[in-house]
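Hi there,

Here is the structure I promised to pass on to you. Have a look at it first, and then read my notes below with the picture open beside you.

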Amino acid sequence: MNTDNHLQPDLRLGVNIDHVATIRNARGGDHPEPVRAALMAAKAGADGITAHLREDRRHIRDDDLTVLMDELDIPLNLEMAATDEMLEIALRHKPHAACIVPENREERTTEGGLDAAGLHNRLTDFVGQLRNANIRVSLFIEPDPRQIEAAIHLGAPVVEFHTGHYAHVTGSEREAELKRIADAAALAAKNGIEPHAGHGLTFDNVTPIAAIPQLAELNIGHFLIGEAIFEGLDGSIRKMRELMDEAR
Ligand code: PXP
(Lines give C-alpha, C1' and ligand atoms only; values in the text may rest on other atoms or scores of the structure.)
Protein backbone atom coordinates (compact mmCIF):
# COMPACT_ATOMS: atom_id res chain seq x y z
CA MET A 1 0.00 0.00 0.00
CA ASN A 2 1.34 3.42 -0.94
CA THR A 3 1.85 5.88 1.84
CA ASP A 4 2.20 8.93 -0.42
CA ASN A 5 -1.10 10.86 -0.37
CA HIS A 6 -0.93 11.53 -4.09
CA LEU A 7 -0.92 7.88 -5.04
CA GLN A 8 -4.21 6.09 -5.56
CA PRO A 9 -4.11 2.46 -4.41
CA ASP A 10 -7.42 1.67 -6.10
CA LEU A 11 -8.20 2.36 -9.70
CA ARG A 12 -11.90 2.70 -10.47
CA LEU A 13 -13.42 1.55 -13.74
CA GLY A 14 -16.16 3.66 -15.28
CA VAL A 15 -17.94 1.77 -18.04
CA ASN A 16 -19.26 3.94 -20.85
CA ILE A 17 -22.49 2.46 -22.25
CA ASP A 18 -23.03 4.89 -25.14
CA HIS A 19 -22.51 2.27 -27.79
CA VAL A 20 -25.19 -0.02 -26.43
CA ALA A 21 -27.47 2.88 -27.32
CA THR A 22 -25.79 3.19 -30.72
CA ILE A 23 -26.80 -0.40 -31.53
CA ARG A 24 -30.33 0.18 -30.23
CA ASN A 25 -30.71 3.35 -32.26
CA ALA A 26 -29.59 1.59 -35.46
CA ARG A 27 -33.04 -0.06 -35.54
CA GLY A 28 -35.02 2.58 -33.69
CA GLY A 29 -36.59 0.25 -31.09
CA ASP A 30 -35.82 -0.43 -27.43
CA HIS A 31 -33.29 -3.23 -27.74
CA PRO A 32 -30.58 -3.46 -26.45
CA GLU A 33 -31.39 -1.29 -23.44
CA PRO A 34 -28.46 0.76 -22.09
CA VAL A 35 -29.74 0.44 -18.52
CA ARG A 36 -29.62 -3.36 -18.73
CA ALA A 37 -25.98 -3.12 -19.82
CA ALA A 38 -25.28 -0.65 -17.00
CA LEU A 39 -26.74 -2.99 -14.37
CA MET A 40 -24.74 -5.89 -15.79
CA ALA A 41 -21.59 -3.75 -15.82
CA ALA A 42 -22.08 -2.98 -12.13
CA LYS A 43 -22.30 -6.72 -11.38
CA ALA A 44 -19.16 -7.37 -13.42
CA GLY A 45 -17.13 -4.92 -11.37
CA ALA A 46 -17.70 -1.45 -12.82
CA ASP A 47 -17.38 1.23 -10.15
CA GLY A 48 -19.40 3.72 -12.14
CA ILE A 49 -21.33 4.19 -15.37
CA THR A 50 -20.52 6.88 -17.90
CA ALA A 51 -22.89 8.17 -20.56
CA HIS A 52 -22.52 11.04 -23.02
CA LEU A 53 -25.67 12.94 -23.87
CA ARG A 54 -24.71 14.58 -27.14
CA GLU A 55 -26.46 17.52 -28.71
CA ASP A 56 -27.64 15.30 -31.60
CA ARG A 57 -28.66 12.41 -29.24
CA ARG A 58 -26.87 9.98 -31.52
CA HIS A 59 -26.55 7.42 -28.72
CA ILE A 60 -27.81 8.18 -25.20
CA ARG A 61 -31.16 10.01 -25.10
CA ASP A 62 -32.86 12.05 -22.40
CA ASP A 63 -35.13 9.17 -21.36
CA ASP A 64 -32.04 6.94 -20.89
CA LEU A 65 -30.72 9.42 -18.39
CA THR A 66 -33.96 9.31 -16.39
CA VAL A 67 -33.90 5.50 -16.27
CA LEU A 68 -30.19 5.35 -15.39
CA MET A 69 -30.65 7.83 -12.55
CA ASP A 70 -33.60 5.79 -11.22
CA GLU A 71 -32.07 2.34 -11.46
CA LEU A 72 -28.35 2.63 -10.81
CA ASP A 73 -26.82 2.01 -7.40
CA ILE A 74 -23.37 3.03 -8.59
CA PRO A 75 -22.36 6.60 -9.55
CA LEU A 76 -23.35 8.02 -12.92
CA ASN A 77 -20.85 10.22 -14.71
CA LEU A 78 -22.63 12.36 -17.31
CA GLU A 79 -20.42 13.52 -20.15
CA MET A 80 -21.70 16.76 -21.61
CA ALA A 81 -20.75 19.78 -23.65
CA ALA A 82 -20.63 23.18 -21.94
CA THR A 83 -23.97 24.37 -23.32
CA ASP A 84 -26.96 25.94 -21.56
CA GLU A 85 -29.14 23.00 -22.58
CA MET A 86 -26.78 20.45 -20.98
CA LEU A 87 -26.35 22.56 -17.85
CA GLU A 88 -30.12 22.64 -17.35
CA ILE A 89 -30.32 18.84 -17.84
CA ALA A 90 -27.46 18.15 -15.43
CA LEU A 91 -28.93 20.43 -12.76
CA ARG A 92 -32.31 18.68 -13.15
CA HIS A 93 -30.96 15.11 -12.92
CA LYS A 94 -28.06 15.78 -10.53
CA PRO A 95 -25.76 12.89 -11.55
CA HIS A 96 -22.87 12.06 -9.23
CA ALA A 97 -20.39 13.58 -11.68
CA ALA A 98 -20.36 15.66 -14.85
CA CYS A 99 -17.45 15.47 -17.24
CA ILE A 100 -17.29 18.49 -19.52
CA VAL A 101 -16.17 17.55 -23.00
CA PRO A 102 -15.71 19.48 -26.23
CA GLU A 103 -18.30 18.60 -28.86
CA ASN A 104 -18.16 19.16 -32.59
CA ARG A 105 -21.19 18.24 -34.64
CA GLU A 106 -19.20 16.57 -37.41
CA GLU A 107 -16.90 14.46 -35.25
CA ARG A 108 -17.29 10.71 -34.99
CA THR A 109 -16.19 10.73 -31.33
CA THR A 110 -14.67 13.23 -28.91
CA GLU A 111 -11.53 13.93 -30.88
CA GLY A 112 -9.54 16.10 -28.52
CA GLY A 113 -9.53 17.59 -25.05
CA LEU A 114 -11.45 20.63 -23.91
CA ASP A 115 -9.63 23.95 -24.24
CA ALA A 116 -10.17 24.80 -20.57
CA ALA A 117 -7.59 27.58 -20.80
CA GLY A 118 -9.21 29.24 -23.85
CA LEU A 119 -12.75 28.82 -22.51
CA HIS A 120 -11.94 30.04 -19.02
CA ASN A 121 -14.57 32.80 -18.88
CA ARG A 122 -17.38 30.61 -20.19
CA LEU A 123 -16.45 27.72 -17.91
CA THR A 124 -16.15 29.68 -14.67
CA ASP A 125 -19.91 30.08 -14.21
CA PHE A 126 -20.61 26.65 -15.69
CA VAL A 127 -18.32 24.80 -13.28
CA GLY A 128 -19.56 26.95 -10.39
CA GLN A 129 -23.23 26.07 -11.01
CA LEU A 130 -22.48 22.35 -11.22
CA ARG A 131 -20.39 22.46 -8.08
CA ASN A 132 -23.10 24.36 -6.21
CA ALA A 133 -25.46 21.50 -7.07
CA ASN A 134 -22.95 19.03 -5.52
CA ILE A 135 -22.10 17.52 -8.89
CA ARG A 136 -18.47 16.44 -9.10
CA VAL A 137 -17.06 18.32 -12.06
CA SER A 138 -14.44 16.82 -14.29
CA LEU A 139 -12.80 18.48 -17.30
CA PHE A 140 -11.80 16.25 -20.22
CA ILE A 141 -8.46 17.76 -21.23
CA GLU A 142 -5.23 16.95 -23.00
CA PRO A 143 -2.35 15.99 -20.66
CA ASP A 144 -0.97 19.50 -20.92
CA PRO A 145 0.25 21.63 -17.98
CA ARG A 146 -1.55 24.69 -19.41
CA GLN A 147 -4.88 22.90 -19.26
CA ILE A 148 -4.20 21.64 -15.73
CA GLU A 149 -3.41 25.20 -14.69
CA ALA A 150 -6.79 26.27 -16.11
CA ALA A 151 -8.54 23.45 -14.22
CA ILE A 152 -6.92 24.65 -10.99
CA HIS A 153 -8.17 28.21 -11.61
CA LEU A 154 -11.64 26.93 -12.43
CA GLY A 155 -11.80 24.95 -9.19
CA ALA A 156 -12.48 21.63 -10.94
CA PRO A 157 -11.94 18.75 -8.47
CA VAL A 158 -11.24 16.24 -11.26
CA VAL A 159 -9.60 16.19 -14.68
CA GLU A 160 -9.80 13.36 -17.18
CA PHE A 161 -6.88 13.06 -19.58
CA HIS A 162 -7.70 12.22 -23.19
CA THR A 163 -5.79 9.02 -24.02
CA GLY A 164 -6.87 8.97 -27.67
CA HIS A 165 -3.48 10.04 -28.99
CA TYR A 166 -1.71 7.49 -26.78
CA ALA A 167 -4.04 4.80 -28.14
CA HIS A 168 -3.39 5.65 -31.77
CA VAL A 169 0.38 5.97 -31.93
CA THR A 170 3.07 3.32 -31.51
CA GLY A 171 6.73 2.93 -30.53
CA SER A 172 8.62 5.95 -29.26
CA GLU A 173 5.65 8.22 -29.94
CA ARG A 174 3.55 6.12 -27.59
CA GLU A 175 6.27 6.17 -24.94
CA ALA A 176 6.45 9.96 -25.18
CA GLU A 177 2.67 10.30 -24.88
CA LEU A 178 2.62 7.91 -21.92
CA LYS A 179 5.20 10.08 -20.18
CA ARG A 180 3.13 13.19 -20.94
CA ILE A 181 0.08 11.53 -19.30
CA ALA A 182 2.11 10.32 -16.30
CA ASP A 183 3.63 13.79 -15.78
CA ALA A 184 0.21 15.41 -16.10
CA ALA A 185 -1.30 12.99 -13.57
CA ALA A 186 1.49 13.79 -11.10
CA LEU A 187 1.02 17.54 -11.62
CA ALA A 188 -2.75 17.35 -11.16
CA ALA A 189 -2.47 15.22 -8.00
CA LYS A 190 0.18 17.56 -6.56
CA ASN A 191 -2.32 20.39 -6.97
CA GLY A 192 -5.16 18.52 -5.27
CA ILE A 193 -6.98 17.54 -8.46
CA GLU A 194 -8.00 13.90 -8.91
CA PRO A 195 -6.76 12.66 -12.29
CA HIS A 196 -8.75 10.24 -14.45
CA ALA A 197 -8.06 9.03 -17.98
CA GLY A 198 -9.97 7.60 -20.91
CA HIS A 199 -10.61 7.20 -24.62
CA GLY A 200 -9.46 4.44 -26.93
CA LEU A 201 -8.33 2.11 -24.13
CA THR A 202 -8.25 -1.63 -24.89
CA PHE A 203 -6.93 -4.88 -23.39
CA ASP A 204 -3.71 -4.28 -25.33
CA ASN A 205 -2.96 -0.72 -24.26
CA VAL A 206 -4.55 -0.32 -20.81
CA THR A 207 -1.73 -1.70 -18.64
CA PRO A 208 0.81 1.17 -18.85
CA ILE A 209 -1.98 3.70 -18.26
CA ALA A 210 -3.40 1.73 -15.31
CA ALA A 211 0.10 1.61 -13.82
CA ILE A 212 0.27 5.41 -13.48
CA PRO A 213 -0.02 5.59 -9.71
CA GLN A 214 -1.90 8.89 -9.35
CA LEU A 215 -4.76 7.92 -11.66
CA ALA A 216 -7.97 7.19 -9.75
CA GLU A 217 -10.33 6.22 -12.56
CA LEU A 218 -10.39 5.01 -16.16
CA ASN A 219 -13.46 5.49 -18.35
CA ILE A 220 -13.75 2.89 -21.08
CA GLY A 221 -16.56 2.30 -23.55
CA HIS A 222 -16.22 1.45 -27.22
CA PHE A 223 -13.75 -1.41 -26.84
CA LEU A 224 -15.68 -3.06 -23.99
CA ILE A 225 -18.96 -2.98 -25.87
CA GLY A 226 -17.29 -4.26 -29.06
CA GLU A 227 -15.47 -7.02 -27.18
CA ALA A 228 -18.77 -8.03 -25.58
CA ILE A 229 -19.72 -9.50 -28.98
CA PHE A 230 -16.98 -12.08 -28.49
CA GLU A 231 -16.62 -12.47 -24.72
CA GLY A 232 -19.97 -11.27 -23.43
CA LEU A 233 -20.31 -7.97 -21.58
CA ASP A 234 -19.62 -9.54 -18.20
CA GLY A 235 -16.49 -11.28 -19.54
CA SER A 236 -15.11 -8.21 -21.28
CA ILE A 237 -15.56 -6.00 -18.19
CA ARG A 238 -14.12 -8.61 -15.82
CA LYS A 239 -11.04 -9.03 -18.02
CA MET A 240 -10.48 -5.25 -18.17
CA ARG A 241 -10.88 -5.06 -14.39
CA GLU A 242 -8.28 -7.80 -13.95
CA LEU A 243 -5.79 -6.09 -16.24
CA MET A 244 -6.26 -2.81 -14.35
CA ASP A 245 -5.83 -4.50 -10.98
CA GLU A 246 -2.72 -6.40 -12.14
CA ALA A 247 -1.14 -3.15 -13.31
CA ARG A 248 -1.30 -1.68 -9.79
N1 PXP B 1 -13.94 9.56 -21.49
C2 PXP B 1 -14.54 10.55 -22.20
C3 PXP B 1 -14.58 11.91 -21.60
C4 PXP B 1 -15.15 10.29 -23.45
O5 PXP B 1 -15.74 11.28 -24.13
C6 PXP B 1 -15.14 8.97 -23.93
C7 PXP B 1 -15.83 8.65 -25.23
O8 PXP B 1 -17.15 9.00 -25.16
C9 PXP B 1 -14.53 7.98 -23.16
C10 PXP B 1 -13.92 8.31 -21.96
C11 PXP B 1 -14.53 6.54 -23.58
O12 PXP B 1 -13.82 6.38 -24.76
P13 PXP B 1 -13.90 4.99 -25.53
O14 PXP B 1 -15.32 4.80 -25.92
O15 PXP B 1 -12.97 5.17 -26.67
O16 PXP B 1 -13.44 3.94 -24.56
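Helix H10 (residues 222-231) and helix H11 (residues 233-247) cross at roughly 125°, and their axes come within 7 Å of each other. Axes here are lines fitted to C-alpha atoms, for helices over the stretch in contact, and angles run from 0 to 180 degrees between N-to-C directions. That angle makes H10 oblique to H11; angles under 35 degrees count as roughly parallel, over 145 as roughly antiparallel, 65 to 115 as roughly perpendicular and the rest as oblique. The crossing of H10 past H11 is right-handed (near helix turned clockwise from the far one by less than a right angle; left-handed if anticlockwise). On the H10 side, Phe223, Leu224, Ile225, Glu227, Ala228 and Glu231 take part, and they meet Leu233, Gly235, Ser236, Ile237, Lys239 and Met240 in H11. Sorted by class, the contact of H10 with H11 has seven nonpolar, two polar and three charged residues. Ala, Val, Leu, Ile, Met, Phe, Trp, Tyr, Cys and Pro count as nonpolar, Asp, Glu, Lys and Arg as charged, and the others, Gly among them, as polar. Contact means heavy atoms within 4.5 Å.

Before going on, a word on where this comes from. This is a predicted model, in which local features need pLDDT of at least 70 and side-chain atom pairs count only at pLDDT 80 or more, while totals for chains, interfaces and linings use all residues. Residues are numbered from 1 along each chain as its sequence is written, and side-chain values use heavy atoms, with hydrogens and water left out. Helices (H or I, at least four residues) and strands (E, at least two) are DSSP runs, numbered from the N terminus.

Next, two other helix pairs. H2 and H3 pack at an angle of about 30° with their axes 9 Å apart, and are therefore roughly parallel to each other. Their crossing is right-handed. Pro34, Val35, Ala38 and Leu39 in H2 meet Asp64, Val67, Leu68 and Glu71 in H3. The residues of this contact divide into six nonpolar, no polar and two charged.

Helix H4 (residues 84-93) and helix H5 (residues 120-132) cross at roughly 15°, and their axes come within 10 Å. That makes H4 roughly parallel to H5. The crossing of H4 and H5 is right-handed. Here Asp84, Leu87, Ala90 and Leu91 in H4 meet Arg122, Phe126, Gln129 and Leu130 in H5, giving five nonpolar, one polar and two charged residues by class.

Let's go back to H2. Which residues of helix H2 (residues 34-44) are buried? They are Pro34, Val35, Ala37, Ala38, Ala41 and Ala44. Buried means under 20% relative accessible area, exposed over 50%, and partly exposed in between (1.4 Å probe, protein chains only). What covers these buried residues includes strand S1 (12-16), helix H1 (18-27), strand S2 (48-52), H3 and H11. H2 is followed by Gly45, which has a positive phi near 120°. In the loop between H1 and H2 you will find Pro32, which is joined to His31 by a cis peptide bond with omega about 0°.

Now for the active site. UniProt, in an unreviewed entry, lists His52, Glu79 and His199 under "active site". UniProt positions are given in the numbering used here, feature names are shortened, and annotations may be inferred rather than shown by experiment. Glu79 lies in strand S3 (residues 76-80) and is buried, with a relative accessible area of 9%. Leaving aside neighbours within four places in sequence, Glu79 is in contact with Asn16, Thr50, Ala51, His52, Leu53, Cys99 and Val101. His199 is in the loop between strand S7 (194-198) and helix H9 (206-210), and its phi is near 110°, a positive value in a residue other than glycine.

At 19% relative accessibility, Arg57 counts as buried. Asp70 is found in helix H3 (residues 62-71) and, at 62% relative accessibility, counts as exposed.

Happy exploring!
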